[in-house]
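The points are grouped by topic.

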Amino acid sequence: MIGLTTNMIKINKQILYIYYFIIIFIFSINYSYASDNSKWLSINKKGMQEYKERDFINAEKYYLKAITEARKSNLGPELSATLNNLGLLKIEVLQFKEAEVLINESLKIRLQHYGLNHRYVAQSYNNLARVYESSLKMSESIDLYIKAIEIYENLGDRYNMLLARTLVNLSTVQLKIEELDIAQMNLIRALALSNKYSEDNSVSLSAMQNLAALLTQKGNFVEAEEIYLNLIKIGKNNNKENSVSFARVLNNLAVLYKKQCKYDLAYPYISKAINIWKNLSSSDYSNFAAAFHNQGELYKAQGKYILAIESFKNGIGLLDISIDDFYEQYIEQSYSLINLYLKMGKKEESKNLLDTINNIRSDRGETNITLENLPDEIYEECSSSNI
């Protein structure tokens with residue numbers, strides 16, 4: 001009986017060994033098949049390089065080829081990466097609906113492959129939040145940024161910079177909907193996290209820009225000016241004087257000076273900002289158009305109406321590129337121009353622009369606007385407030 005049991009144990013061990021080697025063999029085949037991503041990697045890298053060089057047409061071609069290769073070779077994580085990359089490209093070229101579809105697909109794959117608590121999932125939440133922010137879906141955007149933040153918090157100190165960046169992104173939305181106190185807390189936290197690495201890293205600089213904008217909204221002009229001037233100094237020291245971010249700082253400082261009726265100080269900054277945008281191959285149309293609008297408001301405040309009209313037209317012309325994506329901004333800036341036309345007695349010009357607006361509103365199923373129910377001109381009084 002004992003001998004029989006010993007033999008049975010030996011047989012069972014042999015069976016277990018056979019099963020073990022079969023499982024290892026199958027796993028090796030699957031692993032080898034799934035991990036053979038060299039072709040995908042080569043194509044995806046070419047797409048990323050073209051994207052970096054801002055050749056979005058060729059970048060998209062490579063990304064589409066990489067997606068095809070990833071699907072064919074059953075490369076789930078790789079597929080999610082390229083879908084995410086193409087989604088970011090679509091954000092850059094203002095195709096937000098396409099971006100939403102791509103990033104959502106990437107997110108679903110990442111959730112299946114990595115689970116809920118992974119940096120790639122947080123990245124997808126962050127990128128999808130950017131899409132919703134651009135589409136003015138502020139509540140959805142905030143929810144996704146918070147999800148990304150919670151993941152980075154769970155992952156620990158190693159991901160502090162990504163956490164800080166997402167806090168800055170969240171504060172941008174909160175500034176737009178005027179949740180200023182919450183935005184300020186997030187920015188202070190982001191600065192505390194990012195400044196542990198260096199004071200002039202991109203995350204710290206973005207946080208400083210948002211904080212200066214927030215202080216301007218609160219009327220803390222002296223503190224805001226100090227931050228903007230410091231950002232300009234850092235930008236010059238780092239040879240970033242021809243970047244979009246530098247242009248935004250110059251524009252914001254000009255707006256700050258305009259709010260204080262310091263027109264002579266504002267002009268050089270707004271002019272330089274506009275020249276930077278003109279010389280860049282950038283799709284930052286919203287901020288570029290806003291800069292022209294700010295320049296127009298600056299001219300109008302001093303009674304330089306002809307120059308103001310030219311600036312307003314330039315801003316509206318930029319938004320013409322994609323009115324659907326910039327509808328609210330397009331309408332707001334157009335109203336300013338119509339009111340200026342009326343102030344100058346240019347009724348024909350005001351009527352023509354209003355007709356254009358009503359054609360757009362009609363296509364969107366909205367009622368027409370007449371000169372009688374046109375929103376009043378917004379007049380911003382100067383202030384030396386430093387609350």
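## Salt bridges and overall make-up

Glu 69 and Lys 39 form a salt bridge in which the closest N and O atoms are 3.9 Å apart. The pair joins distant parts of the chain, since Glu 69 belongs to helix H3 (residues 56-72) and Lys 39 to helix H2 (residues 38-52), 30 residues apart. A salt bridge here is a side-chain nitrogen of Lys or Arg within 4 Å of a carboxyl oxygen of Asp or Glu. The model is predicted: local features need pLDDT of at least 70, side-chain atom pairs count only at pLDDT 80 or more, and totals for chains, interfaces and linings use all residues. Residues are numbered from 1 along each chain as its sequence is written, and side-chain values use heavy atoms, with hydrogens and water left out.

**The chain as a whole**

- The protein chain contains 17 helices and zero strands; helices (H or I, at least four residues) and strands (E, at least two) are DSSP runs, numbered from the N terminus.
- Of the 387 residues in the protein chain, 44% are buried. Buried means under 20% relative accessible area, exposed over 50%, and partly exposed in between, with a 1.4 Å probe and protein chains only.
- Among contacts in the protein chain with a separation of 6 or more, 59% are between residues 24 or more positions apart; a contact means heavy atoms within 4.5 Å.

**Further salt bridges**

- The whole structure holds 15 salt bridges.
- A network of salt bridges links Lys 39, Glu 69 and Lys 72.
- Lys 137 and Glu 100 also meet through their side chains in a salt bridge, at 4.0 Å from N to O. Lys 137 lies in the loop between helix H6 (119-134) and helix H7 (138-155), and Glu 100 in helix H5 (residues 96-114), so the pair ties together parts that are 37 residues apart in sequence.
- Lys 137 counts as partly exposed, at 32% relative accessibility.
- A salt bridge between Asp 355 and Lys 351 has its closest N and O atoms 3.2 Å apart. These two residues are separated by about one helical turn because they stand four residues apart in helix H17 (residues 347-363).
- Both partners are partly exposed: Asp 355 at 33% relative accessibility and Lys 351 with a relative accessible area of 43%.

**Helix H11 and its surroundings**

- Helix H11 (residues 221-237) has 17 residues and reaches 24 Å from its first C-alpha to its last, close to the 24 Å expected at 1.5 Å a residue. The expected span is 1.5 Å times one less than the number of residues.
- The buried residues of H11 are Phe 221, Ala 224, Glu 225, Ile 227, Tyr 228, Leu 231, Ile 232, Ile 234 and Gly 235.
- An α-helix has 3.6 residues a turn, so residues three or four places apart point the same way.
- Helix H10 (202-218), H12 and helix H13 (263-279) are included in what covers the buried residues of H11.
- H11 is followed by Asn 239, which has a positive phi, near 55 degrees.

- Leu 253 lies in helix H12 and is buried, with a relative accessible area of 0%.
- Apart from neighbours within four places in sequence, Leu 253 is in contact with Glu 225, Tyr 228, Leu 229, Ile 232 and Tyr 269.
- Glu 92 is found in helix H4 (residues 76-92) and is buried, at a relative accessible area of 18%.
- Apart from neighbours within four places in sequence, Glu 92 is in contact with Tyr 51, Arg 54, Phe 56 and Ser 283.

**The cavity**

- The structure holds one cavity of 30 Å³ or more. On a 1 Å grid over the protein atoms alone, a cavity is a set of points where a 1.4 Å probe fits but cannot get out, and lining residues have an atom within 4 Å of a point.
- About 30 Å³ of space lies in the largest cavity, a volume being the space filled by probe spheres set on the grid points, which are joined across faces, edges and corners.
- Its lining consists of Ala 254, Val 255, Lys 258, Ile 270, Asn 294, Gln 295 and Leu 298.
- Helix H12 (244-259) and helix H14 (285-301) each supply at least two residues of that lining.

Definitions and conventions:
On a 1 Å grid over the protein atoms alone, a cavity is a set of points where a 1.4 Å probe fits but cannot get out, and a pocket is an open set with protein on both sides within 12 Å along at least five of seven lines; lining residues have an atom within 4 Å of a point.
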